[in-house]
Structure formats: structure tokens, C-alpha cells
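The exercises below are meant to be worked through with the sequence and the 3D view side by side. Try each task before reading the solution under it.

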Amino acid sequence: MRRRIPLIITFIIGVVLITGYFVTRGPFNTLYESFSDYFAIITVFAFILGGGSLLKIHLKRVSSRAADWPYSVVTLVAFLVTLVIGLFKVGNPGGMGGEILASGSWLRFMFDGVYNPLSATMFSLLAFFVASASYRAFRARTKEATILLSAAMVILLGRTPVGAWLTAWMPESLAFLELPNLANWIMAWPNTAGQRAIMIGIALGVIATSLRIILGIERNYLGRGE
Amino acid sequence: MDVTLMLWIDAALTLMILSFLYRDNPFYKFAEHLFVGVSAAYLMAVGFWDHLVPNLLGKLFPALMSGVVPGAVGRSPDYYYIIPAVFGLLLLTRLVDRWAWLSRWALAFIVGGAAGFNLPRFLDSDFIIQVQSTMIPLVVLDASGNLIWGASFSHIVLVLGVICGLVYFFFSVEHKGVLGHVSRAGIWVLMVTFGAAFGYTVMARISLLTGRMEALGAWLGSIF
């Protein structure tokens, strides 16, 4: 029962959704619409599960005084304070009926004052690591690394005013070699070719995996044991 | 909220994260853990108000939710929505070791739903349409029948690029001989694609960094 029922659920949901995609009338379409709604709702519960899991892990770390446990207190306090502010719309000018991110609300402050600067700075750190990765790739001196970095440089320079300025001296007959034009050509043709090959490959992989899941051949998502 | 206070918090958090460039330190760890807590709760709160309240609670308890869900006024309850509520609650049993196996039922709904949605959508948009878009003439002529060299070259690059890229992903045959050469060309095409993506990523990250530097500049400007 612990493994068979989930397999039956997966099969029914998968078959109904695939059929509902092609049969746009009658009960299959109704079920397709309903299951789409249910699917969206259940996936939101995954956020709640994520929050619960975060609480569980950090409470365990605090109670067992694990290494760096004071930082877990920071996570717990930040999580609980933001959650209370968000769920009860604390400081929201429109009260419980107001927009969740209404201007002037405390959650808006958390978003603009804490979440935004933290996420933007976290991601901007990558600029430094990317620079070091490029340096290492240059040192590798393989043909593939050279192609990758040459394409990246053309795109980087071609999409900025400095690229246009650098190649503005070129005669009209060689205009296609100007960096902005070269960048546009790379984006439109070789880049599209590579993207398309990847997309077709992924599509075939997704189709095969979806079929394996629906037919119960692929069961890894159920985990091990009973 | 006070603008000066916002500037100070913004600057302090930015500097804490940037301090990681020197090495891992308590300030960075503090900001990192703060980020985890705030972002998890933020996503939960937004998910609750934007999805659960209008799509689940508003359908099950329209009278109770009439103050927060505009369309719920005068609507009768839709009891079919007990199904996703039960599955959602089953998902949460994963937090209790003894009952964790029940979460498989909800997970089965999610996995089956994802498989059922993705199969026809990927077949249509990422396979059929992409193959169809690659079926283009290799020789491009203008209205008077003259060859357009540039457009023809671009079309050949596209078609051969897609074929070579696909051959690289074809693992059923060993990449030797002609197939090996074609597969090698496929790698080069993929490298151009990764290079373009790399270039855009670098630009996006530098743009974010510029934004952070501007924020720090605004903070310094408020002091001096």
C-alpha cells in the first residue's frame, strides 16, 4: 500500500493530464482543468514543507548546540519574524484585505530593505568568481575554452557602447565584422543552433522520463524501503 | 519606514556579504543565515496569500474569506477542493518521521502532474516546433533569383549546428570516425552557446554589482 497507491495516483494523474491536453471537451477537459488547479495548490504546500523543514533542522541544531548554532538562531528569528509579518500582514495599510506587498507594509520593508540587498549582493558576488573562472579557462588553452571565451567576449563587448566604439572605424564593406553586428549574428545563428540542439535533447529526455514515471518504471521519487 | 534607516541596513547587509571576498567570516555567516530565514518566510507568506487564500481557502470557505478574496462574496463552497487540501496536508506529514510515508501520496500527485503536464508541452514546443523551425532552405535567393550569400551561410550554420549538436547528445553509438568529427563540431557549437550564456550572465552580475555600488554610494552620500 505504501508504494502501490502512489504509483496508481501518478498513473491516473499523468494519463488524465495527457489525455486532457489532446481532448479539449467533455470530462477529460474538466478533469484537466481541476487537476491543473489542484497541482498548483499542492505545490504551494511544498513551500510550507520547506519552511517546516527549515524550522526542524535549525531547532535541532540549536537544541544540540551543534557547531555554529548561534547562526541557526539568526535564521529562526528571521524566519519567524518575517512569517508573522507576512501571514498577519503586520503594518499593512489595507489591513488583512490589502495587497501583500503594499507600499508601506512591513513585509514590503523586509523585501526592499533586507531580501533585495541580500539577494542582489549574493548574486553579484558571482561577478568576481566568474572573473577567476575565466582566468582559469584561459589558462587551460583548449580549443573549446577558447571558443567559449571568444563568444563570451564578442557578446560582452558587442552589447556595450565600447564594442561599437572599438570597431566603428571599419569600412562599410566589412560592417558585418563590427562587434555589435557580430554579437547579433552569433546570438541569431550559432547560439540558436546550440540552444535548439539542447532544447530538442531535453525535450526527448523529459518525454522519456515522463513516460517512465507515469508507467511506474521510474520510482526513485518514492525513495527506498517501505 | 525611515529612508536613512533603510540606507544603513542596506549598506550594512551589502558590506557583510561582500566581506566574503576576503574570506569566510562571522559577518558573512550572519547575513547568509538571515537571508535564508527571510527568503524562506517571504516565499511562504507570498505563496499563502497569492495562491492558497484565493485558490483554496476562498473556494472552500468563501463566506469566511469574503473580506480578503474579492470574488468570494456570495459564492457557495466548492467541496471538490478538499482533494488538494488533503493532498497538501499529506505532504506535510514528511515532517513527522512516523507518518512520513503518507507524503508519498502527495508527492505522487506532484510528480504525476509534472510528468502529465510536461510530456505534451515539451513534445509540442521544445521538440516539434524546434524541429519545424530548423526546416529552412539552405540556399536563399532574392526576388530576381540571385543567391544571398550571407543569409545562405547563416541558414547552413543553423541547420548543421543543430545536427552536430544533436549528434553530440546521441550516446547510443560510439563517437568514432565521421560521427566523432561531427560530434566534435557539435561541441564547438555548444561552446558558442555556452559562451553567449556566459557573456550574458557576466553582464547581469556586473549590473547587479553596479547597483550595489550605487546603493553604497547613496549611503556614503547620506553620511558626508
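**Exercise 1. Find which residues Leu126(A) touches, not counting residues up to four places away in sequence, and describe its surroundings.**

Start by locating Leu126(A), which sits in helix H4 of chain A, spanning residues 106–140; helices here are DSSP runs of H or I with at least four residues, strands are runs of E with at least two, and both are numbered from the N terminus. Next, look for contacts, meaning heavy atoms within 4.5 Å: once residues up to four places away in sequence are set aside, Leu126(A) touches Thr201(B) and Arg205(B). Finally, Leu126(A) has a relative accessibility of 32% and therefore counts as partly exposed, given that buried means under 20% relative accessible area, exposed means over 50%, and partly exposed lies in between, with a 1.4 Å probe and protein chains only.

Before going on, note that this is a predicted model, in which local features need pLDDT of at least 70, side-chain atom pairs count only at pLDDT 80 or more, and totals for chains, interfaces and linings use all residues. Residues are numbered from 1 along each chain as its sequence is written, chains are lettered from A and ligands numbered from 1 in the order in which they are written, and side-chain values use heavy atoms, with hydrogens and water left out.

**Exercise 2. Examine the phi angles of Arg65(A) and Lys89(A), and say where each residue lies.**

Begin with the background, which is that most residues other than glycine have a negative phi. Arg65(A) has a phi near 50 degrees, a positive value in a residue other than glycine, and its place is the loop between helix H2 (26–63) and helix H3 (69–87) of chain A. With a relative accessibility of 53%, Arg65(A) counts as exposed.

Lys89(A) likewise is not a glycine and has a positive phi of about 50 degrees, while its place is the loop between H3 and H4 of chain A. Lys89(A), however, is buried, because its relative accessible area is 9%.

**Exercise 3. Describe Gly104(A): which residues is it in contact with beyond four places in sequence, and how is it placed relative to Ile42(A)?**

First, Gly104(A) is found in the loop between H3 and H4 of chain A, and this glycine is exposed, with a relative accessible area of 53%. Second, leaving aside neighbours within four places in sequence, Gly104(A) is in contact with Gly91(A) and Pro93(A). Third, Gly104(A) and Ile42(A) are 62 residues apart along the chain, and their C-alpha atoms are separated by 31 Å.

**Exercise 4. Describe the overall form of each chain, using its secondary structure and its radius of gyration.**

For chain A, the secondary structure comes to eight helices and zero strands. The radius of gyration, taken over C-alpha atoms, is compared with a globule rule of 2.2 Å times the number of residues to the power 0.38; chain A has 26 Å, whereas a compact globule of 226 residues would have a value near 17 Å. Along its principal axes the C-alpha trace of chain A spans about 70 × 50 × 45 Å, and 42% of its 226 residues count as buried.

For chain B, the secondary structure comes to seven helices and zero strands. Its radius of gyration is 28 Å, well over the 17 Å given by the globule rule for 224 residues, so chain B is more spread out than a compact globule. The C-alpha trace of chain B spans about 70 × 60 × 45 Å along its principal axes, and buried residues make up 41% of its 224 residues.
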